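Student: I am new to this structure. Can we go through it step by step?
Tutor: Gladly. Here it is.

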Amino acid sequence: MTDHRLTRLMQTTDTSGDCWLWTAKPNGEGYANVRIDGVHYRAHRLAYELLVGPIPDGLVLDHLCRVRHCLNPAHLEPVTIAENIRRGRAVLPPYSSRKTHCPQGHVYDEVNTYVTPQGKRDCRTCRRAARRRCDARRRAAA
Ligand SMILES: [Zn+2]
Ligand SMILES: [Zn+2]
C-alpha cells in the first residue's frame, strides 16, 4: 500500500530526469517544504523516510547531487552535521537556526553568519568587535 503522503509528494515532483525536482516554490534556503494533513515536512526528508527508511537521530541528509530541492533518495545520504559542514554543504543546525539574531541583536543572515567547525553559528560583527577589543588591549599594553 502506498502511503498517501508519497502520492502527494510525487504530484509535485518531476521525476523525468535523474534528479527528482520539486516543482513548487522552494523555501528561502532552497529546500522543498510541504504540508500534508496539517504537518510540515522537508520534502526530501519525507521522501527518504517513505522510500528508504527512518533517518537516524541527529543525522542530516546530504544532497550528493547538490540540488537542494531534489527528492531522489538515491541522491541523499544521511551524514552527521559535522560531516555535512566538512563537505561544505552546511545546513545551519536546527537547534540554533530558530534564533534570528545573536545575543547582541545582530541579525543572523547569510553575510553575518559564520559556522564554526563544531557546527555552531557565530556572529561576524561580534567576532570583529571582539578582535578589535583584543587588538586595542594589546596596543595599550605595549
Ligand atoms: Zn538529485
Ligand atoms: Zn553579534
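Tutor: A definition comes before anything else: two strands pair if DSSP finds at least two bridges between them. Bear in mind that this is a predicted model.

Student: How many bridges join β5 to β6?
Tutor: The strands β5 and β6 run antiparallel. L59 stands opposite T80 in β6. Pairing needs at least two bridges. The number joining β5 to β6 is five.

Student: Is β5 mostly covered or mostly open, and how many of its residues are buried?
Tutor: A residue counts as buried under 20% relative accessible area. By that cut-off β5 is mostly covered. Of its five residues, the buried ones number four.

Student: Which residue in the hairpin of β3 and β4 takes a positive phi?
Tutor: Two residues lie between the strands of this hairpin. The positive phi is near 55°. The residue that takes it is D37.

Student: Where is I36, and why does it count as buried?
Tutor: I36 has its place in strand β3. Leaving aside neighbours within four places in sequence, I36 is in contact with H4, R5, R8, Y41 and L46. Buried means under 20% relative accessible area. I36 is buried because its relative accessible area is 4%.

Student: What distance separates the C-alpha atoms of I36 and R5?
Tutor: Along the chain, I36 and R5 are 31 residues apart. R5 is also among the contacts of I36. Their C-alpha atoms are separated by 6.8 Å.

Student: Which residues of helix α2 are buried?
Tutor: Helix α2 covers residues 43-51. What covers its buried residues includes α1, β2, β3, β4, β5 and β6. The buried residues are A43, H44, L46, A47 and Y48.

Student: What is the relative accessibility of H44?
Tutor: H44 lies in helix α2. Not counting residues up to four places away in sequence, H44 touches Y31, L61, H63, R68, C70, L71 and L76. H44 counts as buried because its relative accessibility is 3%.

Student: Which residue just after α2 takes a positive phi?
Tutor: Look just past the end of the helix. The phi there is about 155°. The residue is G53.

Student: Which element gives the largest share of the largest nonpolar core?
Tutor: The core has nine residues: L9, W22, A32, V34, I36, A43, L46, A47 and L71. β3 and α2 each supply at least two residues of this core. The largest share is three residues, and it comes from α2.

Student: What is A43 in contact with?
Tutor: A43 is one of the core residues. Nonpolar side chains tend to be buried together in soluble globular proteins. Leaving aside neighbours within four places in sequence, the contacts of A43 are L9, W22, A32, N33, V34 and L71.

Student: Is C70 buried or exposed?
Tutor: C65 is partly exposed, with a relative accessible area of 24%. C70 has a relative accessible area of 0%. The cut-off for buried is under 20%. Therefore C70 is buried.

Student: Which residues coordinate the zinc ion (ligand 2)?
Tutor: The spacing of the donor residues in sequence is C-x3-H-x16-C-x2-C. The angles among the four donor atoms are 103 to 114°, and the site is tetrahedral. At 2.0 to 2.3 Å, the donors are C102 (SG), H106 (ND1), C123 (SG) and C126 (SG).

Student: What separates the centres of domain 1 and domain 2?
Tutor: The domain assignment gives domain 1 as 1-79 and domain 2 as 91-142. The centres are taken over C-alpha atoms. Their separation is 32 Å.

How values were computed:
Residues numbered from 1 in each chain as written. Chains lettered and ligands numbered in written order. Predicted model: local features only at pLDDT ≥ 70, side-chain atom pairs only at ≥ 80, totals over all residues. Heavy atoms only, no water. Buried < 20%, exposed > 50% of the residue type's maximum accessible area, 1.4 Å probe, protein only. Contact = heavy atoms within 4.5 Å. Domains from an automatic or database assignment. Donors = N, O, S within 2.8 Å, 3.2 Å for Na, K, Ca; no water. Tetrahedral: all angles 85-135°; square planar, octahedral: opposite > 155°, others 65-115°. Core = buried A, V, L, I, M, F, W, Y, C linked by side-chain atoms within 4.5 Å.
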